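Work through the exercises below with the sequence and the model side by side. Try each task before reading its solution.

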Amino acid sequence: MGTPAASSPAHQRLHLLGSDSACVAPNTRAMPERLEPDRSSDSTGSESESELGDYPTLPSQDNGTSSDESFSSHQSSELLETAERREFMRKYVEKIFSGGEAINQEEKARFGVLCSEHSPEGREWFAKHVSAQRCNSKCVSEHTFYRLVQSFAVVLFECFQMDDYSPAKNLMTMCFTFYHVAKPCVSVTDLREKPAAPIDSYLRTANSWLAGKRDLADKLLRNKENVKAIFGGRETRLKQPQANSGSAEPQARKRSRKTVKLGCGEEQKGEKVYLYTHLKTQPIWHTLRFWNAAFFDAVHCERRKRSPTTRERWSHMTAEERDDSLRFNENIAFGQLGTFTHNMLAFGLSQKLCNDFLKKQAVIGNLNEEQYQLLCNNIQQMAVE
C-alpha cells in the first residue's frame, strides 16, 4: 500500500460539510467524490497525465505566428481583389466612352455581378468613373449614349433593390449632364404638306440646261482664238513654279483640320437628347425614400465643402457670424430644392408629389416664406411647360 493520497479541495469541502448521509438534503444526489491521485506512484502518474490530456492546452507561440500570417495573407488577398475590381470598372467605363472598342458578353456579365453585390463598392466606382468623364466632354456620340443608357439602367435597378441611394444620386446628376445631338429629321406632316413635283418637270429642266450648255460649247469651238485662250491659260497654270503649290498645301491641311473640328457633336446642329429621357421608367425615381435620402446627402456634401460648425466653434461665434452660418445653410437648402424639384418633374413625377416633398424639406431646411413661395411658383411653371 502506498502513502495516503493528499486530499483534494473537493474532498476537503465534503469533509467540512460532513460525510454523514443525514447531512445531505433529501431527494438530492451527492456529488461523486473526486480524489487527486498520488503523484509518487507510476500508475497514478499515468492516470493524472491522461486526465490532463482532456483539458484544452494553451496555443503555443508557433500557432499564434501562423494565425497572424494567415490573417495577413487573407487581408492582402482581399485588397488585391478589391483593386482588381476597381480596375475592371475603370476600364469598363473607358470602353463605354471610347465607342470604338467592343464590350464582350463576359465583361457585361462581370459588370452585372459587381453591380448586384451587397457591397456598394462596384456601384460607387461606376458612378465616380462616369462622373470623372465630364472633364473630357458632356456631348457624347450616339453609340456611347446608348451604352450609357444600358449601363445606367443596370446600376439604377440594383441601387433600388439594395436601397443604395448615394450612387443613384450621382447618376441622377449625370442623367442631366451627358447628351448626344440627334440628327434633324423631317416629320411626316411636313412630307405630306409639301407636294411632290412630277417627274416630267425634272426632265424638262434637265434637258433645257443641257441644251444651253451644248450651244455654248459649239460657239467656243468654232472660234479658234477662244480655244487657244482656254488651253493657253491652262498651260500657264501648269508652268507656274512649284512654290505656289507648296504654299497651297499647308492651307489645304488647315482647311481639313477645321473640317475635323466641325465633326464634334457640340458643333452639329440638332436637338440635345439627355440621358434622363430614356431612364424615366426606372423604379427608383418613383420612391420618396430615394429623394429624401438623396437630398440630405446633397445638402451634407455642400456643407462639407465649408469647414463644419461644431458646438465649440458655435459657442465662440459672434451674433453676426451665426447669422451668416444660418443664411449659408438656408441658401444651400434653397438651391438643392430647386434642383431636385426640377429633376422630379423631368422624371415624370406628379406636381402633388413634388409639392409634398418641397413642403417637408422646406421646414427641415428652415426656409423662409419668400423662398418657399418662389419654389412653389417654379414647380407650377415647370409643370405647365
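**Exercise 1.** In which helix does F160 lie? Then decide whether F160 is buried or exposed, or in between, and find what F160 touches.

*Solution.* Some ground rules come first. This is a predicted model, in which local features need pLDDT of at least 70 and side-chain atom pairs count only at pLDDT 80 or more, while totals for chains, interfaces and linings use all residues. Residues are numbered from 1 along each chain as its sequence is written, and side-chain values use heavy atoms, with hydrogens and water left out.

Step 1. F160 lies in helix α6, residues 142–162. Helices are DSSP runs of H or I with at least four residues, strands are runs of E with at least two, and both are numbered from the N terminus.

Step 2. Buried means under 20% relative accessible area, exposed over 50%, and partly exposed in between (1.4 Å probe, protein chains only). F160 has a relative accessible area of 29%, so F160 is partly exposed.

Step 3. Contact means heavy atoms within 4.5 Å. Not counting residues up to four places away in sequence, F160 touches P283, I284 and T287.

Step 4. F160 and Q282 are 122 residues apart in sequence, yet 8.8 Å apart in space, C-alpha to C-alpha.

**Exercise 2.** Which residues have the most contacts inside the largest nonpolar core?

*Solution.* Step 1. A nonpolar core is a set of buried Ala, Val, Leu, Ile, Met, Phe, Trp, Tyr and Cys residues joined through side-chain atoms within 4.5 Å.

Step 1. The largest such core has 60 residues, and F126, F152, W285 and W291 have the most contacts inside it. This core draws at least three residues from each of domain 1 (78–180) and domain 2 (199–220 + 270–308 + 320–384), with bounds from an automatic or database domain assignment.

Step 2. Take F152, leaving aside its neighbours within four places in sequence: its contacts are F126, V130, L171, M174, C175, L275 and L279.
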